[in-house]
Amino acid sequence: MKAPASYQFGRHRPRWVPTVRFYGLLLLGGVLPVLTNFLPSELWPIADGKPQATLPYWPLGLGLVLMGLYDLVIFGMSLWDYSRIGRWQLTLDRVCESRLSIGRQNPIRLRLHIRGEVPLSEQIWVELYDYVPAELTGETPSFAVAALVHSSLELLYHVFPPRRGAFQWPGCDVRLRSSWGLAWRRWFAPLVTEVEVYPDLMALRSLSIRLSLESSGSLRRRRYALGGTEFAELREYHLGDDLRLMDWKASARRGWPLVRAMEPERDQPLIILLDRGRLMTATVAGLKRFDWGLNAALALALTGLRRGDKVGLGIFDQQLHTWIAPQGGDSHLGRMLTQVYRCEPVFEESDYVGTVSAILGHYTRRALVVVLTEVIDEVASQELLTAMARLTPRFLPFCVALRDRHIETLAHRPLMPQPLAPVDQVATLYEQAVALDLLHQRQRAFAHLEQKGVLVLDAPADQVSEQLVDRYLLLKARGQL
């Protein structure tokens with residue numbers, strides 16, 4: 001959690017802002033000139049015995065004088081009310097992570113500490129508006145709360161960053177209104193907070209907790225039940241365990257049945273190639289397809305490092321733009337994150353064959369090569385199919401496509417029950433036919449890849465991280481590397 005940005009009220013002179021109640025009371029004074037016109041003539045001042053003829057405008061003048069005095073009293077009460085608000089001492093803090101996660105609802109907390117010399121029973125009305133950077137979407141950061149002296153308030157809202165990069169909060173607007181409600185005391189608090197938006201760090205934290213839990217307790221048993229090729233430990237036999245893993249000699253020595261717990265082999269190379277070409281610039285489920293791919297690549301890298309493998313990462317378009325050689329250790333993920341979090345997709349065709357050739361020149365040991373990209377059909381993806389075929393048999397190629405679920409929605413959309421206009425009906429049927437054809441061509445491309453010995457995963461863009469991690473753990477457990 002980042003150290004909070006703090007602002008002590010009183011450094012800048014506040015503004016006096018009248019309230020609606022103040023203006024209402026001023027307008028109420030306009031009734032006085034009307035009421036004075038109904039005064040009986042006996043109350044008028046007499047001049048030569050002819051009060052109405054000599055002073056025809058006296059009631060109106062009296063009403064205007066009374067209205068002026070009334071307005072002065074209301075204005076004085078407003079100033080007194082405004083000065084009473086000044087007895088309150090406020091401190092405002094904004095607390096958030098220094099690194100926000102793209103595509104997530106990130107919490108932002110505003111903490112307001114209230115002190116003063118007024119009676120504890122007196123309340124004050126606080127209105128606060130936080131100026132969120134324009135590109136960040138989410139909840140409206142506007143709050144209106146009643147507060148007591150010697151109290152603290154925590155106000156929570158969330159922001160949704162649609163892209164990575166640096167952002168800055170310029171400040172907050174704060175207005176205070178006391179119990180009379182005649183004036184606002186308004187400040188602009190220059191509460192500056194600078195943050196950077198990274199790939200999905202929240203998902204990485206959740207995945208890290210999951211992988212840690214799988215190393216102990218019942219989740220550890222589940223991991224061993226998936227299988228592996230390396231001996232881990234001896235443990236007690238449980239119903240459903242494979243009898244082929246029974247260690248009869250150890251069971252005879254201990255006096256109760258024991259089985260050998262096997263785990264996946266460690267220190268296996270994993271190379272992740274992320275496409276940042278034209279196909280990855282499209283927006284899917286609120287984020288660019290490249291951002292979803294980057295989140296999946298980092299999640300897979302974290303899983304591989306936690307399982308003891310060496311992980312390398314490459315980002316390519318017409319050439320291999322970024323290359324991080326395979327290494328092990330938890331600190332390697334931080335180095336990868338620092339080098340790639342500023343990468344953006346470009347409107348260029350990706351050179352799959354050239355990238356694969358560069359990888360073949362950089363690395364010769366057998367490894368699992370995961371390519372995160374998009375597949376359209378056999379014709380458009382012919383270069384991708386050729387490049388993936390070149391990886392065999394030295395490497396185990398794995399093609400991961402980030403699917404747009406909107407196409408599936410169009411393809412399987414039911415017919416509308418109400419009748420449509422002929423033009424609209426033709427347009428709807430045409431969209432559905434195109435979507436079905438795209439899905440069919442996509443499946444043919446995947447079938448071609450599988451025929452060449454390439455592993456395939458076609459997952460929705462917003463779910464690819466979870467499915468890719470599960471598929472990788474299954475490959476490890478089966479010893480396919």
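**Entry 1. The end of helix H14**

Which residue just after H14 takes a positive phi? I looked up the stretch that follows the helix and found Gly479, with a phi of about 65°. I note at the outset that the model is predicted.

I then turned to H14 itself, which covers residues 464-478 and has 15 residues. From its first C-alpha to its last, the helix reaches 21 Å, close to the 21 Å expected at 1.5 Å a residue.

**Entry 2. The buried side of H14**

I listed the buried residues of H14: Val464, Ser465, Leu468, Val469, Tyr472, Leu473, Leu475, Lys476 and Ala477. An α-helix has 3.6 residues a turn, so residues three or four places apart point the same way. I recorded that Lys476 is among the buried residues of this helix.

Against which elements do the buried residues of H14 pack? The helices are H5 (201-213) and H8 (289-306). The strands are S16 (269-275), S21 (368-373), S22 (396-403) and S23 (455-460).

Is Ala299 buried or exposed? Ala299 counts as buried because its relative accessibility is 7%, and the cut-off for buried is under 20%.

Leaving out residues up to four places away in sequence, I found that Ala299 touches Leu204, Leu207, Ser465 and Val469. Ser465 and Val469 are also listed among the buried residues of H14. I also looked up Leu468: its C-alpha atom is separated by 8.6 Å from that of Ala299, although the two residues are 169 residues apart along the chain.

**Entry 3. Ser208 in helix H5**

Ser208 is found in helix H5. Its relative accessibility is 17%, so Ser208 counts as buried; the cut-off is under 20%. With neighbours within four places in sequence left aside, Ser208 is in contact with Leu302 and Arg306.

**Entry 4. Thr193 in strand S13**

I moved to Thr193, which is found in strand S13 (residues 193-198). Thr193 counts as buried because its relative accessibility is 3%. Which side chain does a polar contact join to that of Thr193? I found Arg94, at 2.7 Å.

**Entry 5. Pro141 in a loop**

Pro141 lies in the loop between strand S7 (137-138) and strand S8 (142-148). Although it is in a loop, Pro141 is buried, with a relative accessible area of 6%. Leaving aside neighbours within four places in sequence, I recorded contacts with Leu128, Tyr129, Asp130, Val132 and Tyr157. Tyr131 is ten residues from Pro141 along the chain, and their C-alpha atoms are separated by 7.7 Å.

**Entry 6. A nonpolar patch on the surface**

I next looked at the surface, where Val65, Leu66, Leu69 and Leu72 form a nonpolar patch. Together they have about 370 Å² of accessible area. Leu66 has its place in helix H4 (residues 58-85). Leu66 counts as partly exposed because its relative accessibility is 34%.

**Entry 7. The protein as a whole**

Finally, I looked up the totals. The protein has 14 helices and 23 strands. Of its 481 residues, 44% are buried. Among contacts between residues at least 6 apart in sequence, 74% join residues at least 24 apart.

Note on methods:
Residues numbered from 1 in each chain as written. Predicted model: local features only at pLDDT ≥ 70, side-chain atom pairs only at ≥ 80, totals over all residues. Heavy atoms only, no water. Patch = residues over 30% accessible without salt bridge, like charges linked within 9 Å, V, L, I, M, F, W, Y side chains within 5 Å. Areas by Shrake-Rupley, 256 points an atom, 1.4 Å probe, with all protein chains shown as cover. Salt bridge = Lys/Arg side-chain N within 4 Å of Asp/Glu carboxyl O. Helix = DSSP H or I, 4+ residues; strand = E, 2+ residues; numbered from the N terminus. Buried < 20%, exposed > 50% of the residue type's maximum accessible area, 1.4 Å probe, protein only. Contact = heavy atoms within 4.5 Å. Polar contact = N/O pair within 3.5 Å; in protein donor to acceptor, adjacent residues only side chain to side chain. Expected span 1.5 Å × (residues − 1).
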